[in-house]
Amino acid sequence: MDYTTSIASTDTNVVVSIDAMGGDKGPSEIVAGLLLSTKQYSDIRFLVHGPEVKLAPLIKKYGISDFCTIVHAERTVSMNDKPSQVMRHGKGTSMWSAVTSVKQLEADACVSCGNTGALMAISMVRLRKIPGINRPAIAILWPSVGPNGCNVMLDVGADIRADENDLLQFALMGASYSSNGFGVVVPRVGLLNVGTEEHKGRAELREAHDLIRDSAATGNFEFVGFVEGGDIPSAKIDVIVTDGFTGNIALKTAEGTASFISNALRETFKQNLLSKLSGIIAYGPLSRLKRRTDPRRVNGGVFLGLNGTVVKSHGAADATGVAAAVGLAYRLGSAKFSTQLAARVASMNELTEDLEEGGN
């Protein structure tokens, strides 16, 4: 099907490329998420990648044919496929096709619920890194008590390594994401450490502290210094910077803790008649708390540092979670986020070179 002259060619629409075959729940849940997105964004359009024989009936069933163009891709990347294997044999899969649409400027952003390692590998190969970026990063939204209801945290697993220069670039990318994705005029950036004192932490963290501090004015963000794990959901910061090893452990720990608390509360309210009555009385406040901390509401990790916007949705996302990831892709795509990020990185690199030349 030739889709380059259909929905992707109009200037008034924001086009999101969808890997419809990547989720644990199958394409039906993903298409249901697209339906929810159309109710929120009237100008959104989709390039939906996967086997046409499977997708066409689903799109018709959910009544969103006017919003979608199917891009046939016969094969699928599984959760068990190794990134190196996908790099060699991924062409023709729905994931490869979805990212390629961004590369060819037929879509403003891409969303996939599929294999994270494979998606990062394909995105690196097809989109390439922004000039001047050493390592890409995965940025996630962390529920918080701040005015936006969430903070940006990066890296959470694109690469376990990060030196002081990488952490500076993460700060710049995170600040740009906060500004373009959530309208934060001057994002507050914190560097995750074992304490807030400037003498604490590894040598590269202390060096990164000084680099980020000295770049804050020109990078149009406020550096609040070192922050601790307890500050991640706080209102004192908008962006948390860390390496992928630490960030991924923090994320998985939070997910496990939230699941434990939820299960413990459920069991507590089932213990006896008085507990059940207490549960009924507390139902309203607990429901509000559940909505506020619902991970589906902030679903979607963004690959930062590439020449294009790619959003990784949780593999087990339901329709609500998919819609959240698509909404994030819509906001970043409509803001031309990757272009603005590249411009910010180029500007900072030029400034750094000028300062180095001036010092010589």
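Which residue caps the N-terminal end of helix 11? Asp318 does, with a side-chain oxygen 3.2 Å from the backbone nitrogen of Thr320. The views below come from a predicted model, in which local features need pLDDT of at least 70, side-chain atom pairs count only at pLDDT 80 or more, and totals for chains, interfaces and linings use all residues. Residues are numbered from 1 along each chain as its sequence is written, and side-chain values use heavy atoms, with hydrogens and water left out.

View 1. Strands (E, at least two residues) and helices (H or I, at least four) are DSSP runs numbered from the N terminus; two strands pair if DSSP finds at least two bridges between them. Strands of a sheet pair through backbone hydrogen bonds, either parallel or antiparallel.

View 2. Strand 10 (residues 301-304) pairs with strand 11 (residues 310-312) in the antiparallel sense over 3 bridges. Phe303 stands opposite Val310 in strand 11. Contact means heavy atoms within 4.5 Å.

**View 3. Helix 11 and its ends.** Buried means under 20% relative accessible area, exposed over 50%, and partly exposed in between (1.4 Å probe, protein chains only). After helix 11 comes Lys336, with a positive phi near 55°.

**View 4. Aromatic pairs.** The count of aromatic pairs is 3. The ring centres of Tyr41 and Tyr330 are 4.0 Å apart and the planes are at 25°, so this pair is stacked. Tyr41 lies in the loop between helix 1 (27-40) and strand 2, and Tyr330 in helix 11, so the pair ties together parts 289 residues apart in sequence. Tyr41 and Tyr330 are both buried. Tyr177 and Phe182 form a tilted pair, with 5.8 Å centre to centre and 50° between the planes. Ring pairs link Tyr177, Phe182 and Phe337 into a cluster. Rings of Phe, Tyr and Trp (its six-membered ring) pair if their centres lie within 6.5 Å; planes under 30 degrees apart count as stacked, over 60 as edge-to-face and the rest as tilted.

**View 5. Helix 5 and its surroundings.** Among the buried residues of helix 5 are Leu119, Met120, Ile122 and Arg126. The cover over its buried residues includes helix 3 (83-89), helix 4 (94-103) and strand 4. At the start of helix 5, a side-chain oxygen of Asn115 reaches to within 3.1 Å of the backbone nitrogen of Gly117. Just after helix 5, Arg128 takes a positive phi of about 65°.

Technical notes. A polar contact is a pair of N or O atoms within 3.5 Å; within protein, one must be able to donate a hydrogen and the other to accept it, and residues adjacent in sequence count only if both atoms are side-chain atoms.
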